[in-house]
Amino acid sequence: MSAKALRRRLHHGDLDGKRKEHLNASEYDGLSEPLLGSHDHDDIPAEALTLEDIWDAEERREHFHWTMLLSQLIAQWTQWLGSGSLIGRFLPLPFAGHNGLNGRIMQPYLTPLQEERLRNLQQRLGVPFDGSRLEHQDALKQLWRLAFPGRQLPSLKSDLWKEMGWQGSDPSTDFRGGGFISLENLIYFAITYPETFQRLLHKQDGTRAEWEYPFAVAGVNISFVLAQMLDLQTGKPSTPAGIRFLELLAEDEMAFDNLYCVAFQMMDAQWLAKRASYMEFNEVLKSTRTQLERELALEDVCSVKDLPAYNLLRG
C-alpha cells in the first residue's frame, strides 16, 4: 500500500468524532435557517485544556501568522509578475491547517475560466426556490422519479413527499435558505451517484436512530452550509477552504455539486459514528464541515476525487 493511500485510510479515523472538532458558535449565527433542531453545546472549558494543549495552540498561532504573511507576499508577487509567472504556477498559497481555515487571506488571481465558473455558480446560488415556476415544479417531479422510480407521481402538495424527507406535505416550504440550487444538488446526486443516493435516502447503512434526520431537508442544509463554508455568497472567496475550492473549480465545472455529494455521504458517516438523533443534527453538520475543511486543506487535493471521503461514494 502506498504512503498516500495509507494516509488517506488513517485520515478517516476522524469520522469517529473523537478528535477536537469545536467551532465557535458565532460562525453559525447566520444558520438559523434552514437548520434542524436546537441542541446547543457549551465550548470546552478552559480547565479541561492541558498545558501542552496551550503550548501547541500558541505555536500554531505563531506559525499561522508567519504563513499568512508569506501568503500575502506570494500573492502580491504573482499579481505583479503576471499569471503566467513561475511563482504563480509553482508557489500556490499555502494552507495553515485546520486552525487557520477560518482566517481570511488575500484573494488569489483567477483565470478567465475560473471567473466564469465562479460567476455562474454564484448566479445559481442567488436563485430562490419558487413553487409557482413550472421549471421548479418540473425539477421537483424529476427528483421524485429519481428517488422512487416506478411509483406514481404525487401532486405537488401531498403527504407522500414526507417519505422523501420533506417536513410537510408541501416541499416548497422547506427550501428557505437553500434556494433552487439545493434541489439541483439533490437531482445531481441522484443521477451521478444513484447507489449512494438510494442508500442514504432509505437509511440502509449502519444502526439508525429512532428519530432520523429527514433526508431531503438535510440536503437543503448541506447546500446552505457548503456555500457558506466556501465563502461563495459575494465576490471572490478569501478563506483557505474557498480558495482551495477555486482550484477545484478550475478542474471541474461541477465541483460544487460533486463536493455536495461527498459532504452528504460524510454527514451520514458522522451521524452513524456519533450515534446521533434528530436534535443533534446541527452538531453533526458542524462536525461535517470541520472534517470537510480538513480534507480540503490536504496538499495533494487537486480535484474532488482526491478527497479521502470521495472513496465513500458509490455510483
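## Basis of the description

Contact means heavy atoms within 4.5 Å. The model is predicted, with local features requiring pLDDT of at least 70 and side-chain atom pairs counting only at pLDDT 80 or more, while totals for chains, interfaces and linings use all residues. Residues are numbered from 1 along each chain as its sequence is written, and side-chain values use heavy atoms, with hydrogens and water left out.

Met 164 touches Leu 143, Trp 144, Ala 147, Phe 148, Leu 201, Phe 215 and Ala 216, leaving aside residues up to four places away in sequence. A nonpolar core is a set of buried Ala, Val, Leu, Ile, Met, Phe, Trp, Tyr and Cys residues joined through side-chain atoms within 4.5 Å, where buried means under 20% relative accessible area (1.4 Å probe, protein chains only). The largest such core has 68 residues, of which Met 164, Trp 166, Leu 230, Phe 264 and Leu 292 touch the most other members.

## Packing of α5 and α6

Helices are DSSP runs (H or I, at least four residues), numbered from the N terminus. The axes of α5 and α6, 10 Å apart, form an angle of about 30°; axes are lines fitted to C-alpha atoms over the stretch in contact, and angles run from 0 to 180 degrees between N-to-C directions. α5 is therefore roughly parallel to α6 (angles under 35 degrees).

## Packing of α4 and α9

Helix α4 (residues 112-125) packs against helix α9 (residues 240-251) at about 105°, their axes lying 9 Å apart. The two are therefore roughly perpendicular (65 to 115 degrees). From α4, Leu 113, Gln 114, Arg 117, Leu 118 and Leu 121 take part in the contact, and from α9, Phe 245, Leu 246, Glu 247, Leu 249, Ala 250 and Glu 251.

Note on methods:
Angles under 35 degrees count as roughly parallel, over 145 as roughly antiparallel, 65 to 115 as roughly perpendicular and the rest as oblique. Buried means under 20% relative accessible area, exposed over 50%, partly exposed in between (1.4 Å probe, protein chains only).
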